[in-house]
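Please keep the structure in view while reading the points below.

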Amino acid sequence: MTTDTQTPVQTDGFHLLIDALKLNGLDTIYGLPGIPITDLTRMAQAEGMRMISFRHEQNAGNAAAIAGFLTQKPGICLTVSAPGFLNGLNALTNATTNCFPMILISGSSEREIVDLQQGDYEEMDQLAIAKPLCKAAFRVLNAEDIGVGVARAIRAAVSGRPGGVYLDLPAKLFAQSMDAAAGKASLIKVVDPAPRQIPAPDAVQRGLDLLKSAKRPLIILGKGAAYAQADADIRALVEKTGIPYLPMSMAKGLLPDTHPQSAAAARSYVLPEADVVLIIGARLNWLLSHGKGKTWGGKSHKDWGGQKFVQIDISPQEADSNVRIDAPVVGDIGSCVAAMLNTINAAGSSGTPWPKPSADWLGAIDERKSKNIAKMGETLAKNPTPMNYHSALNVMRDIIKTNPDAMLVNEGANALDFTRSIVDMYQPRKRIDVGTWGIMGIGMGFAVAAAVVSGGPVIAVEGDSAFGFSGMEVETICRYNLPVCVVVFNNNGVYKGTDVNPTGGPDVAPTVFVKGARYDKMMEAFGGVGVHATTPAELRAAVEEAVRSRKPTLINAVIDETAGTESGRITSLNPTAAKKK
Ligand code: ADP
Ligand code: TZD
């Protein structure tokens with residue numbers, strides 16, 4: 001706001017944007033300065049917003065996306081035009097794919113020049129490019145429309161199925177001035193940005209009737225269930241019905257992984273054997289083998305396994321996307337789960353308690369679980385030299401057990417799959433990872449946002465390849481002095497480090513990195529703590545110290561370069577492997 005004796009009090013586009021965000025409780029920006037938004041970043045900080053500057057926009061975008069997942073408020077990412085915008089776009093698209101709410105705000109060049117393709121500085125028709133890749137995209141040309149633009153972006157990001165929104169702000173807009181009082185009046189504090197969506201009672205009843213008819217029922221919890229923050233009711237529904245459940249990766253900890261009803265250690269038994277499956281906030285996409293095929297007991301990889309599905313989802317279009325959904329329950333998870341619980345409780349108090357699953361079904365699951373857990377225990381107890389994934393993850397498992405409120409970031413192939421199955425989670429929304437795309441590069445962006453949002457310790461378990469995608473952000477972690485401990489599982493390459501160039505030529509194989517690299521030195525370069533760990537004891541001491549001291553730390557954990565498998569658990573998706581099938 002500027003004061004001048006001649007003119008009335010004025011405001012401008014910069015301040016209207018900052019005020020619009022603040023008015024809606026959006027107090028943190030993840031971004032990277034440059035023309036035309038450098039002053040915006042300075043002013044945002046001056047106006048009391050938290051401005052977290054990154055080294056690459058993709059990482060800022062990933063930070064915004066996961067902040068959105070953790071808080072149910074759209075995470076804000078701010079970039080410069082064309083190249084900065086494109087760097088952020090990867091994260092925006094990934095956020096949309098994962099149903100994370102975020103808003104990518106990019107400065108853009110002058111419309112008159114861009115539209116005539118006259119070659120402006122960083123010229124690009126950003127709005128057109130963003131549109132097919134996100135949930136909604138808007139451009140604001142006049143300062144008095146900033147309030148509406150921000151309000152529409154917030155609603156689009158968080159209402160219904162959450163997702164990414166693009167907001168295009170041409171350079172000229174920022175400097176436009178207008179009367180401050182009129183400017184203030186033009187801003188909108190969004191009322192009820194993510195309205196509850198109450199399910200129809202008959203849909204709830206149909207779902208419960210089907211579930212009740214099951215002989216071998218199963219519940220699958222997805223990251224939509226984690227996002228919904230209906231933790232107590234979800235737990236109550238699982239416990240009240242006594243139905244075994246499987247958590248998807250980012251739903252781990254919604255109920256503690258040690259919960260007696262968790263069927264995670266018997267996954268390959270329960271999926272084909274279940275007859276009715278209640279899905280809460282998960283899609284039947286590739287991560288669930290599209291609800292069919294051998295995973296589900298089908299004869300071939302395209303066959304239906306015979307299961308019936310009840311699916312709770314906020315998107316009315318999700319049902320039947322892969323297999324028939326016999327009982328879709330459309331609404332927000334909080335409302336749907338509460339409605340189911342109420343119906344069950346009402347029936348219970350009028351003398352028809354919920355029929356618990358049969359002892360046969362629960363016993364068969366427990367038997368598989370005990371066997372698999374015992375087998376895993378043996379593997380974890382081994383202490384090979386060099387470390388393998390199991391001996392290193394045995395340490396990480398203990399650390400999370402004693403620090404259940406720590407956030408765990410996880411990416412890689414083997415480093416991802418083994419961590420997911422070995423490290424138990426105890427609290428909701430503590431595990432964040434590569435999500436629906438299996439994308440590499442979320443690591444340091446997620447770690448920064450997890451630290452900023454939670455204020456608590458963050459541990460990132462990273463494959464050495466995965467870490468490389470966002471590794472430069474260790475400087476950001478040091479600059480903001482964040483309590484982040486990065487553990488790089490260093491096996492000298494992508495999946496493993498043992499491939500050789502068949503020609504005998506001087507280039508190494510495409511999957512191989514510099515042998516014996518010292519990633520710990522990267523953290524030291526910026527004043528953080530670097531540790532080179534070659535044994536579980538060294539790894540344990542280093543992570544414990546990092547969690548205690550809260551100092552930025554990177555541990556280079558040396559893993560046997562022969563230990564991994566191609567693509568981890570998803571070897572079969574490689575075309576050569578698929579051809580052999
Ligand atoms: P996962 O990867 O864990 O299997 P997905 O990302 O595939 O989970 O699925 C999440 C689902 O949750 C999406 O279909 C999305 O529409 C749904 N969802 C997200 N938030 C809510 C909510 N608040 N209420 C209901 N459904 C939701
Ligand atoms: N690029 C992007 C953006 N996402 C990807 N998923 C890939 C490439 C392909 N890819 C994987 O799917 S996992 C992976 C790549 C490159 C890295 C695996 O190696 P790592 O982990 O060192 O991170 P492990 O423990 O050695 O398997």
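**Ligand surroundings in a predicted model**

Sorted by class, the residues in the shell around ligand 2 are 9 nonpolar, 7 polar and 1 charged. The model is predicted, and the shell around ligand 1 divides into 8 nonpolar, 6 polar and 5 charged residues.

**Ligand 2**

- Among the 17 residues around ligand 2, those that come nearest are Tyr389, Asn414, Gly438, Asp464 and Ala466.
- A polar side-chain atom of Tyr389 lies 2.7 Å from an oxygen atom of ligand 2, while a backbone N or O atom of Ala466 lies 2.9 Å from an oxygen atom of this ligand.
- A nitrogen atom of ligand 2 has a backbone N or O atom of Gly438 at 2.8 Å, and of the 600 Å² that the ligand exposes when taken alone, the protein buries 76%.
- Helix 17 (414-422) and helix 19 (464-468) are the elements that give two or more residues to this shell, with helix 19 providing the largest share, 3 residues.

**Ligand 1**

- Domain 1 (10-186) and domain 2 (201-364) both contribute residues to the shell around ligand 1, so the ligand lies between them.
- Of the 19 residues around ligand 1, Arg161, Lys223, Arg283, Asp313 and Ile333 come nearest, and helix 11 (residues 223-227) gives the most to the shell, with 3 residues.
- Oxygen atoms of ligand 1 lie 2.7 Å from a backbone N or O atom of Lys223 and 2.8 Å from a polar side-chain atom of Arg283.
- A polar backbone atom of Ile314 is 3.1 Å from a nitrogen atom of ligand 1, and the protein covers 96% of the 580 Å² of accessible area that this ligand has on its own.

Conventions. Residues are numbered from 1 along each chain as its sequence is written. Chains are lettered from A and ligands numbered from 1 in the order in which they are written. This is a predicted model: local features need pLDDT of at least 70, side-chain atom pairs count only at pLDDT 80 or more; totals for chains, interfaces and linings use all residues. Side-chain values use heavy atoms; hydrogens and water are left out. A residue is near a molecule or strand if one of its heavy atoms lies within 4 Å of it. A polar contact is a pair of N or O atoms within 3.5 Å; within protein, one must be able to donate a hydrogen and the other to accept it, and residues adjacent in sequence count only if both atoms are side-chain atoms. Accessible areas come from the Shrake-Rupley method with a 1.4 Å probe; for residues, only the protein chains shown count as cover. Helices (H or I, at least four residues) and strands (E, at least two) are DSSP runs, numbered from the N terminus. Ala, Val, Leu, Ile, Met, Phe, Trp, Tyr, Cys and Pro count as nonpolar, Asp, Glu, Lys and Arg as charged, and the others, Gly among them, as polar. Domain bounds come from an automatic or database domain assignment.
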